[in-house]
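Subject: Structure handover

Hello,

I am passing this structure on to you. Please look at it first; my notes on what was found follow below.

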Amino acid sequence: MADCENDTTPPGRPDNDSREAIWSVPSGWGRPCFAAFGILTIAFTAFLVGYDLRDAASVAAGDMLAVVLRNVFPSGGAAAVTVIIIAEALQYIMATLDYLRSKWVKPLIDRYRAEGRAQGRVQGRAEMYEQLRQWLERREAAQQAGTPFDEPPPSPEEPQ
């Protein structure tokens with residue numbers, strides 16, 4: 001027999017904190033789902049009461065209360081089912097988008113970043129070679145003129 005005082009989740013069962021118990025929706029979604037439930041219950045009840053009273057010319061207060069009570073419980077059930085379906089659909093859509101992002105978008109971004117870095121290295125090398133070529137021309141010109149040349153060679157850390 002299982003130990004009822006043990007608070008750990010048995011192996012193979014989901015963690016109890018990952019779901020809101022009354023709604024069976026992901027943690028943190030309880031309040032928005034309850035708000036949606038309230039709004040949908042009121043909307044469904046109003047629709048059903050309007051449907052029941054569409055042909056009535058006048059309705060007594062007691063009859064109106066009976067019509068509302070008769071329709072509020074089916075509306076609440078329909079609203080609860082609707083909220084759970086919407087929450088599960090949103091969770092499925094988010095999981096699908098996460099999968100697509102990791103499978104398609106992230107590799108594309110990584111590839112373009114790598115190409116950009118490679119292109120930047122090529123451009124940086126070309127600029128460095130151009131600076132070095134100009135420095136060599138100045139040094140040779142100074143040697144031919146017989147003037148001292150004490151300018152240090154260009155380095156990659158110091159842009160000109």
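Over the face of which residue does Arg111 lie? Arg111 lies over the face of Tyr112, at 4.9 Å from the ring centre. A charge is said to sit over a ring if NZ of Lys or CZ of Arg is within 6 Å of the ring centre and within 35 degrees of the ring normal.

Some ground rules before the rest. The model is predicted, with local features needing pLDDT of at least 70 and side-chain atom pairs counting only at pLDDT 80 or more, while totals for chains, interfaces and linings use all residues. Residues are numbered from 1 along each chain as its sequence is written, and side-chain values use heavy atoms, with hydrogens and water left out.

Overall layout

The protein has two helices and two strands, in the order β-β-α-α along the sequence. Helices (H or I, at least four residues) and strands (E, at least two) are DSSP runs, numbered from the N terminus. Of the 160 residues, 14% are buried. Buried means under 20% relative accessible area, exposed over 50%, and partly exposed in between (1.4 Å probe, protein chains only). The accessible surface is about 12,800 Å², and carbon and sulfur atoms account for 62% of it; the areas come from the Shrake-Rupley method with a 1.4 Å probe, and for residues only the protein chains shown count as cover. Among contacts (heavy atoms within 4.5 Å) between residues at least 6 apart in sequence, 48% join residues at least 24 apart.

Aromatic residues

There are three aromatic pairs in the structure. Rings of Phe, Tyr and Trp (its six-membered ring) pair if their centres lie within 6.5 Å; planes under 30 degrees apart count as stacked, over 60 as edge-to-face and the rest as tilted. Phe34 and Phe37 make a tilted pair, because their ring centres are 6.1 Å apart and their planes stand at 35 degrees. Both belong to helix α1 (residues 30-52), three residues apart, about one turn of the helix. Phe34 is exposed, at 53% relative accessible area.

Phe47 and Tyr51 form a stacked pair, 6.5 Å centre to centre with 20 degrees between the planes. They are four residues apart in helix α1, so about one helical turn separates them. Phe47 is exposed at 58% relative accessibility, whereas Tyr51 is partly exposed at 47%.

Salt bridges

How many salt bridges does a search of the whole structure find? The search finds six, a salt bridge being a side-chain nitrogen of Lys or Arg within 4 Å of a carboxyl oxygen of Asp or Glu. One of them joins the side chains of Asp52 and Arg70, at 3.2 Å from N to O. This pair links distant parts of the chain, with Asp52 in helix α1 and Arg70 in helix α2, 18 residues apart. Asp52 is partly exposed, at 33% relative accessibility.

Within helix α2, Glu130 and Arg133 are three residues apart, about one turn, and their side chains meet in a salt bridge of 2.3 Å, N to O. Arg133 also forms a salt bridge with Glu137, where the closest N and O atoms are 2.4 Å apart. Through these shared partners, Glu130, Arg133 and Glu137 are joined into one network. Glu130 is partly exposed at 32%, Arg133 at 37% and Glu137 at 43%.

Regards
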